[in-house]
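Then turn to the ligand and its surroundings.

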Amino acid sequence: MDGLDALRAKYIAGVAAASDEAALEDIRLQAVGKKGEIALKMRELGQMSPEERQAVGPVLNALKDEINSALAGKKAALSDAALNERLRTEWLDVTLPGRPRPNGTIHPISQVTEEVTAIFADMGFAVAEGPQIESDWHNFDALNIPGHHPARGEMDTFYMHRAEGDERPPHVLRTHTSPVQIRSMLKQGAPIRVICPGRVYRADYDQTHTPMFHQVEGLAIDTDISMANLKWVLEEFVRAYFEVDNVELRFRASHFPFTEPSAEVDIRCSWAGGQLKVGEGDDWLEILGSGMVHPKVLQAGGIDPNKYQGFAFGMGIDRIAMLKYGIPDLRAFFDSDLRWLRNYGFASLDQPNLHGGLSR
Ligand code: DAH
């Protein structure tokens, strides 16, 4: 059949010259597509004599195969070339120096919470949590603060809204972390050793008060717990937290509805030159309230006061953060001022622990 050599030459050259996959596809359609030149030639076989057909048919088929395999080869070559081009342009210089890390810092409240947790964890205390929107019963009654008690007024409580006609006492934004004592007792029973750090709320605002602040509660209950255990635990804590060996604590008789007896704890300090030094000097600094858990509180927590006793304490996290890190105004803790955060914040990879040093 005439022209097959020309056809071969034309398409083999065309395939070789195709510069991308689109051009190659054009050639494929022209040559071996359904309406391509080879297909037309195939159709012509119908008008041939059987002898001619026997001669030309295999030649045509062979040509079709040849063009198809040229197309396939070229296609692979083009996609290799495309990959090579990508590899050439999309590269990364792994020898470049690293970019500086984002310079966010750990907030002093988070830092101090971690420090406190590390110290008490070392003494066998677990961490317990409770809700910030708390029932009136957990926040007050169960802690031996009945409805008429003046402590309710003193705490400047935020009350949640109740629907018109709903006579139940409203929930409150918890005014202290002490309700977590009750929740821990009800949940796990005795013995207990927990600390409960978290947010608390009171309607108050000045240099040392903000409507939201942080406390940590401590609770230890067992069959032979005394004030002496409380004193030792608190001394250990203060020594570790302020990172000084000689600390002196003073237990001052006090009153809390949920403890009997109750004591406020002061630490010896000096304010010479306006700077706080713990463990020396003639001043005393109040840092927490504590005492032996009141039998009624144990009872409310479902624990038999004839079998178990315990101590409890409550401390302001913000306050001890201000003292340790010389931060003068509590309100700045919550202003989100980047300059303040950079100045008082902590490096994000320095996790406080007792062995590496709490505050490095
Ligand atoms: N809940 C008290 C407050 O917010 C602090 C406190 C005092 C907690 C004595 C205690 C405690 O567990 O024993 O002022």
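Predicted model: local features only at pLDDT ≥ 70, side-chain atom pairs only at ≥ 80, totals over all residues.

H5 brings Ile109, Gln111, Val112, Thr113, Glu115 and Val116. H11 answers with Ile317, Asp318, Ile320, Ala321, Lys324 and Tyr325. Sorted by class, this contact has 7 nonpolar, 2 polar and 3 charged residues.

How do the two helices lie? H5 and H11 (residues 317-325) pack at an angle of about 100 degrees, and their axes are 9 Å apart. Angles of 65 to 115 degrees count as roughly perpendicular. H5 and H11 are therefore roughly perpendicular to each other.

The crossing of the pair is right-handed. On the H5 side, the contact is made by Val112, Glu115, Val116, Ile119 and Phe120. On the H9 side, Val233, Phe237, Ala240 and Tyr241 take part. By class, the contact of H5 with H9 has 8 nonpolar residues, 1 charged residue and no polar ones.

Val112, Glu115 and Val116 are among the H5 residues that meet H11. Val112, Glu115 and Val116 are also among those in contact with H9.

**H1 and H3**

Which way do H1 and H3 run relative to each other? Helix H1 (residues 4-17) and helix H3 (residues 37-44) pack at an angle of about 160 degrees. Their axes are 12 Å apart. Angles over 145 degrees count as roughly antiparallel, and H1 and H3 are therefore roughly antiparallel to each other. H1 passes H3 in a left-handed crossing. Leu4, Leu7, Lys10 and Tyr11 of H1 make the contact with Glu37, Ile38 and Lys41 of H3. By class, there are 4 nonpolar and 3 charged residues in this contact, and no polar ones.

**Around the ligand**

Which residues come nearest to the ligand? There are 15 residues around the ligand, and the nearest of them are His176, Ser178, Arg202, Gln215 and Glu217.

| Residue | Polar atom | Distance to a ligand oxygen atom |
|---|---|---|
| Gln181 | side chain | 3.2 Å |
| Gln215 | side chain | 3.0 Å |
| Ala312 | backbone | 3.2 Å |

For Ala312, the polar atom belongs to the backbone.

Terms used: Residues numbered from 1 in each chain as written. Heavy atoms only, no water. Left-handed = near helix turned anticlockwise from the far one by under 90°. Helix = DSSP H or I, 4+ residues; strand = E, 2+ residues; numbered from the N terminus. Contact = heavy atoms within 4.5 Å. Nonpolar A, V, L, I, M, F, W, Y, C, P; charged D, E, K, R; others polar. Axes fitted to C-alpha atoms, helices over the stretch in contact; angles between N-to-C directions. Parallel < 35°, antiparallel > 145°, perpendicular 65-115°, else oblique. Near = heavy atom within 4 Å. Polar contact = N/O pair within 3.5 Å; in protein donor to acceptor, adjacent residues only side chain to side chain.
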